[in-house]
Amino acid sequence: MIPILKKGKDPKKATSYRPISLTSCVVKTLERIVNERLRWYLEFRNLLAPEQAGFRQFRSTEDQVTYLAQEVEDAFQEQKLVFVTWIDLQKAFDKVWKDGLLVKLLRKGVSSNMYQWIRSYLYNRRARVNVDQTKSKKFLLCHGVPQGGILSPTLFLLFIDDLVSEMPKGIKAALYADDLVIWCKEEHASTATYRMQQAADRLNAWAEDWCVSINKEKSSTTLFTLSPKQKAGTIRLGGTPLREDEEATYLGVTFDRRQTWKPHIVQAETKARRKLAILRKLAGTTWGANEKILKTVYQGTIRPHLEYGSTAWSTSAKTNLQTLDRV
C-alpha cells in the first residue's frame, strides 16, 4: 500500500493519508469475471435494494440527487415539510465485518463454488506499506473488503443491503454506496422529529449489530420547509446529538432548506470561473491554443461543473440560472 496525502490534511497524522494498493493485473482479470457473474445474479433476481444506486448499471449520483430534490419539491407543493438526516459511515469499506458479509452472502443464496471462492478471497490477506522505497513488515488484514479490488464494491453493496429494510414506516432512503440519506415528509415538525428519532435508533442498532461505525461529527440533519415557524427537534444517534445544518452537500450538490439552489449555483459559478481563467491563459500563450483545443478543454473541465445535478436544480429562479448562463 502506498499512502497518498488527502487534500488539506495534516501530513503529520497517519489518518490524513489514503492507502492505494496496486494489485496483480492477472488477479484483477479473474476478479472481473467473478464480479460480472455475481452482479448478474444479484440484478437478475432483484436481490439488491432499489434505493441503492452505487456501482450499478444505468444508475448514477444524479438519480439520487434528483429523487431527493423531487421529494422536497412535492412536499412544498402539498404545504408539508421534509426532515432529512445525512449519515456518514466511517471508513465503510475498511470496516466491513468479514464473517457478517459471508452470512449475508448465504442469505442471498450465494453458495457452493462462488461462496468458497469469495471466502478464500477475503481471508488471510496480508499487506505492507511502502514509503520512499522503504517497506514495513507484513500485517494481517482482519477487517474490510480488499482495497483496490474489483469485487470489493459489489461485496460492500451486499453487506449494506439490509440497512434500508430496517427503517420504520414513513421513512424513505437513498443510498449511493456508503452515502446514506434518510427523510420523512410530514405536516408538522414535531411528528417528523418523532419519526426520524425512531429511524436513528434503528440505524444505530443495525450499526452495532454489524460492527459498522457511524461518524456522528459529520452526520447532520436539515429541515426543508417554507414556513419560518416550523422548528425540528434534535436527533440523537447513540446518545450523541446531531447538528442541524441550513445547507448540506449530498453527492456534490448543495441543498438549502428552502431549496432555492442559490448556494449550489454560486459554488458552481466560482469553480467554472476559476477554470475559465486557465482557459484564457491557454488562449494567450505564445503557441496559442486553437479553437478546437479550447473547445475540448471547455467541454471537459468547465461545462461539467455548470451542468452537474441540473436535473435537480433546474427549477431554480431565473436570476440564479442566468449567472450560469453568463459563464
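Me: Where does Glu269 lie?
Reply: Glu269 sits in helix H7, residues 262-284; helices here are DSSP runs of H or I with at least four residues, and strands are E runs of at least two, numbered from the N terminus. Bear in mind that this is a predicted model, where local features need pLDDT of at least 70, side-chain atom pairs count only at pLDDT 80 or more, and totals for chains, interfaces and linings use all residues. Residues are numbered from 1 along each chain as its sequence is written, and side-chain values use heavy atoms, with hydrogens and water left out.

Me: Why does Glu269 count as buried?
Reply: Its relative accessibility is 18%, and buried means under 20% relative accessible area (exposed is over 50%, partly exposed in between; 1.4 Å probe, protein chains only), so Glu269 counts as buried.

Me: What is Glu269 in contact with, leaving aside neighbours within four places in sequence?
Reply: Thr323, Leu324 and Val327, where contact means heavy atoms within 4.5 Å.

Me: How do you know that the span of H7 agrees with what it should be?
Reply: The expected span is 1.5 Å times one less than the number of residues. For the 23 residues of H7 that gives 33 Å, and the end C-alpha atoms are 33 Å apart, so the two agree.

Me: What makes H3 roughly antiparallel to H4?
Reply: H3 (residues 98-107) and H4 (residues 112-122) pack at about 170°, with axes 11 Å apart. Angles over 145 degrees count as roughly antiparallel (under 35 roughly parallel, 65 to 115 roughly perpendicular, the rest oblique), so H3 is roughly antiparallel to H4.

Terms used. Axes are lines fitted to C-alpha atoms, for helices over the stretch in contact, and angles run from 0 to 180 degrees between N-to-C directions.
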